[in-house]
Amino acid sequence: MNAQIAHLPRLDNFKKLSNHNINEFNEKGHTLVHEVLTKEEINAYRPVIVGAADRYNTEKRKLEDRDTYGKAFLQIMNLWQVDEDVKSFVLSKRLAKIAADLMGVENVRIYHDQALFKEPGGGPTPWHQDQYYWPIDTHNTVTLWMPLVDIDVDMGMLTFASRSDRGGAVFNTEISDESESAFDEYVKEKGFEITRAQTMAAGDATWHRGFTIHNAPGNNSDKMREVMTVIYVADGARITPYKNNWQKNDHEKWLMGKPIGEVIDSELNPKVL
């Protein structure tokens with residue numbers, strides 16, 4: 001175990017959510033919660049997460065040599081498996097309790113984490129639905145999206161199509177230029193309210209359901225947009241048959257290939273509370 005973990009603040013005390021956050025999440029499919037971590041806590045965890053992301057980043061191509069997805073962000077996944085300090089963040093009870101309270105469930109399991117770092121000059125993240133990739137039988141999923149530095153719209157603020165989660169999967173389309181075009185037309189046709197914060201402080205976090213349609217503009221600043229995400233699924237959810245090859249890959253990678261129809265409870269999907 002990394003000795004540094006002893007010096008990291010514990011994140012196991014609970015934060016009481018406002019009725020506004022719970023109601024907004026239920027109504028719109030997303031909400032912004034301020035000061036999930038204090039300044040002292042985020043200052044302690046930021047170098048841990050940034051350092052791990054740097055060590056395990058495998059993207060070596062120049063920005064201009066990548067496709068749309070590659071230009072959108074550097075994506076380093078399941079850091080909790082390889083770094084004990086990051087594990088203390090990802091498996092913290094404070095974060096899990098917020099996820100559980102928003103979804104109205106007693107307990108949650110980890111699906112996986114992702115460091116999403118949008119480089120200076122990085123391109124936009126196209127419209128998409130996260131749960132397109134997940135072979136899961138419930139809509140009770142949520143993604144925590146937490147900037148590790150103060151950010152504003154120019155750095156690539158997460159942007160939501162409010163109330164877009166209610167219909168489940170809209171298209172059988174992966175995140176791409178094609179998904180951007182198809183979802184853009186769909187969002188306009190349905191008249192969904194487009195919602196995004198103008199600023200977020202390090203340690204604030206947005207939370208959105210797996211089927212909430214969302215995107216992010218490019219990073220027009222000269223700073224890295226450092227964001228850590230954790231995906232939670234309600235305890236008791238089960239594995240469904242694949243709807244696309246990405247779900248097949250996710251089944252093998254994040255659910256350890258457990259039989260279809262069984263409860264999600266592999267070693268990679270620990271119960272947190």
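Here's a quick tour of this protein chain, from its overall build down to a few single residues.

What you're looking at is a predicted model, where local features need pLDDT of at least 70 and side-chain atom pairs count only at pLDDT 80 or more, while totals for chains, interfaces and linings use all residues. Residues are numbered from 1 along each chain as its sequence is written, and side-chain values use heavy atoms, with hydrogens and water left out. The chain has seven helices and 12 strands (helices are DSSP runs of H or I with at least four residues, strands are runs of E with at least two, and both are numbered from the N terminus).

**The whole chain**

- The radius of gyration is 17 Å, close to the 19 Å that the globule rule gives for 273 residues, so the chain is as compact as a globular protein of that length. That radius is taken over C-alpha atoms, and the rule is 2.2 Å times the number of residues to the power 0.38.
- Along its principal axes, the C-alpha trace spans about 50 × 45 × 40 Å.
- Of the 273 residues, 55% are buried (buried means under 20% relative accessible area, exposed means over 50%, and partly exposed is in between, with a 1.4 Å probe and protein chains only).
- Take the contacts between residues at least 6 apart in sequence: 85% of them join residues at least 24 apart. A contact here means heavy atoms within 4.5 Å.

**Helix α1**

- Helix α1 covers residues 19-28, and its buried residues are Asn21, Glu24, Phe25 and Lys28.
- Look down the axis of α1 and those buried residues fall within an arc of 100°, so they line one face of the helix. The arc is that of the directions from the helix axis to the C-beta atoms.
- As background, an α-helix has 3.6 residues a turn, so residues three or four places apart point the same way.
- The buried residues of α1 pack against β1 (30-33), α5 (93-103), β5 (141-147) and β10 (205-209).
- Just after α1 comes glycine 29, with a positive phi of about 90°.

**Helix α5**

- Eight of the 11 residues of α5 are buried, so this helix is largely enclosed by the rest of the structure.
- Among those buried residues of α5 are Arg94, Leu95, Ile98 and Met103.
- Glycine 104 follows α5, and its phi is positive too, near 75°.

**Two residues with a positive phi**

- Most residues other than glycine have a negative phi.
- Glutamate 35 isn't a glycine, yet it has a positive phi of about 50°. You'll find glutamate 35 in the loop between β1 and α2 (39-56), where it is exposed, with a relative accessible area of 59%.
- Asparagine 78 isn't a glycine either, and its phi is positive at about 50°. Asparagine 78 sits in the loop between β2 (74-77) and α4 (84-90), and it is buried, with a relative accessible area of 3%.

**Glycine 156**

- Glycine 156 is in the loop between β6 (151-152) and β7 (159-161).
- At 0% relative accessibility, glycine 156 counts as buried.
- Leaving out residues up to four places away in sequence, glycine 156 touches Lys118, Trp145, Ala216, Pro217, Gly218, Asn219 and Arg225.
- The C-alpha atoms of glycine 156 and tryptophan 254 are separated by 27 Å, and the two residues are 98 residues apart along the chain.
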